[in-house]
Amino acid sequence: MRSVLLNKPEELIMQEVPKPIPGAGEVLIKVKRMGICGSDIHAYHGQHPTIYLPIVPGHEFSGVVAEVGEGVTEFEIGERVVGRPQNTCGKCYHCLHGHENICHDLQVIGCNGKAPGAAADYILMKKHLVFKLPENIDYDSGAMVEPTAVAVAAIRTFTFDVTGKNILVLGAGTIGNLVAQVAKARGAKAVMITDVVDEKLEIAKQCGVDFVCNTAKEDLQKAVDAAFGKDGLDGALECVGVEATINQAIKVCRKRNDIIIVGIYAKNPQVSMIDVQEKEFKIIGTLMYLEDDYYEAIRLISAGLVHLDILKTAHFSLEEYDDAYKYIAEHRNTCMKVLIDVEK
């Protein structure tokens with residue numbers, strides 16, 4: 001079968017490898033569609049702080065069940081599915097206490113050399129990591145269950161229910177957009193999203209986000225005051241992973257707010273810890289998702305509570321995988337989600 005190896009930064013190699021054979025409790029998935037994530041982009045350029053090359057990338061994907069191993073009765077050949085890309089040990093403290101997303105030996109499929117991803121004709125998964133797709137979710141949207149689950153987990157990370165709350169999202173890329181949409185879907189009173197690219201803010205408005213702010217042109221504090229009045233914000237989610245945006249959150253949030261860290265930081269930021277202390281902020285990290293977050297992401301997509309079609313920017317074939325990364329680099333201001341048609 002075909003498999004694409006990211007051998008070193010900006011070097012993708014198409015290779016022929018044996019098709020995996022599912023063992024007991026495993027499902028072999030014929031990959032149909034794969035999404036390129038921001039983490040993939042960082043890895044492609046050798047800038048991701050925790051992904052070490054070489055890898056077979058691809059952790060956002062959808063497909064059909066091709067074969068099942070011994071003991072697998074939950075799935076039938078030909079069923080449409082998505083996969084949750086988290087190989088865990090099941091034995092460490094975190095796995096045993098319901099936090100397998102931060103397993104001591106977590107191997108993110110498509111981001112770890114020992115766990116090849118979906119940039120291939122087939123991918124082998126443990127059965128508990130496979131989820132059936134409702135009939136009204138196509139392969140494109142199926143490949144976006146994973147980033148939607150990231151957003152679901154991020155909103156869940158707040159120490160409060162977002163229903164009726166005013167929420168700020170910093171960064172209007174795909175993840176930030178989905179975080180804002182999920183906040184709305186989960187009952188937030190109003191959501192503001194920020195960016196420095198007007199095109200991405202316009203997409204956010206079309207997705208139902210209440211307020212937008214281009215922080216390259218507008219004062220964020222004034223925008224927050226105008227949108228939310230004297231009581232201000234109830235919480236914020238930083239979805240960029242740069243020093244400027246975490247400091248913006250610290251500056252404009254009301255005292256005792258939760259600030260959720262969603263973006264991946266290639267460089268450690270310098271922040272005002274005295275403000276964190278004096279304003280009694282809770283700065284909380286979030287990594288990936290849990291099983292229930294995947295079910296919730298599928299539910300939200302199936303119910304039409306998040307808008308995905310407008311986020312789908314372009315399609316490339318697996319042979320054009322390298323071209324897809326070049327396209328993303330050349331269309332930074334307008335590119336949201338690029339999808340790879342592994343098999344149409």
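This is a predicted model: local features need pLDDT of at least 70, side-chain atom pairs count only at pLDDT 80 or more; totals for chains, interfaces and linings use all residues.
**View A. Helix 4 and helix 10 are roughly perpendicular to each other.** Residues are numbered from 1 along each chain as its sequence is written, and side-chain values use heavy atoms, with hydrogens and water left out. Helix 4 spans residues 145-156 and helix 10 spans residues 291-302. Helices (H or I, at least four residues) and strands (E, at least two) are DSSP runs, numbered from the N terminus. The two pack at an angle of about 110 degrees, with axes 8 Å apart. Axes are lines fitted to C-alpha atoms, for helices over the stretch in contact; angles run from 0 to 180 degrees between N-to-C directions. Helix 4 passes helix 10 in a right-handed crossing. Right-handed means that the near helix is turned clockwise from the far one by less than a right angle; anticlockwise is left-handed. On the helix 4 side, the contact uses Val145, Glu146, Thr148, Ala149, Val152, Ala153 and Arg156. They meet Asp293, Tyr294, Glu296, Ala297, Ile298, Leu300 and Ile301 of helix 10. Contact means heavy atoms within 4.5 Å. By class, this contact has 9 nonpolar, 1 polar and 4 charged residues. Ala, Val, Leu, Ile, Met, Phe, Trp, Tyr, Cys and Pro count as nonpolar, Asp, Glu, Lys and Arg as charged, and the others, Gly among them, as polar.

**View B. Helix 4 also packs with helix 5 (residues 174-185).** The axes come within 8 Å and cross at roughly 55 degrees. That makes helix 4 oblique to helix 5. Their crossing is right-handed. Helix 4 contributes Pro147, Thr148, Val150, Ala151, Val152, Ala154 and Ile155. Helix 5 contributes Ile175, Leu178, Val179, Val182 and Ala183. This contact has 11 nonpolar, 1 polar and no charged residues.

**View C. Helix 7 (residues 220-228) packs with helix 8 (residues 243-252).** The angle is about 50 degrees, and the axes lie 10 Å apart. The pair is therefore oblique. Helix 7 passes helix 8 in a right-handed crossing. Leu220, Gln221 and Val224 of helix 7 touch Gln248, Lys251 and Val252 of helix 8. The contact comprises 3 nonpolar, 2 polar and 1 charged residues.

**View D. The second largest pocket holds about 270 Å³ of space.** A pocket, on a 1 Å grid over the protein atoms alone, is an open set of points where a 1.4 Å probe fits, with protein on both sides within 12 Å along at least five of seven lines; lining residues have an atom within 4 Å of a point. Points are joined across faces, edges and corners, and the volume is the space filled by probe spheres set on them. There are 19 lining residues, with Pro20, Ala115, Pro116, Ile123 and Leu124 nearest the centre. Strand 8 (residues 122-126) gives the most to the lining, with 5 residues. The lining divides into 12 nonpolar, 4 polar and 3 charged residues.

View E. Proline 54 sits in the loop between helix 1 (38-44) and strand 4 (60-68).

Technical notes. Angles under 35 degrees count as roughly parallel, over 145 as roughly antiparallel, 65 to 115 as roughly perpendicular and the rest as oblique.
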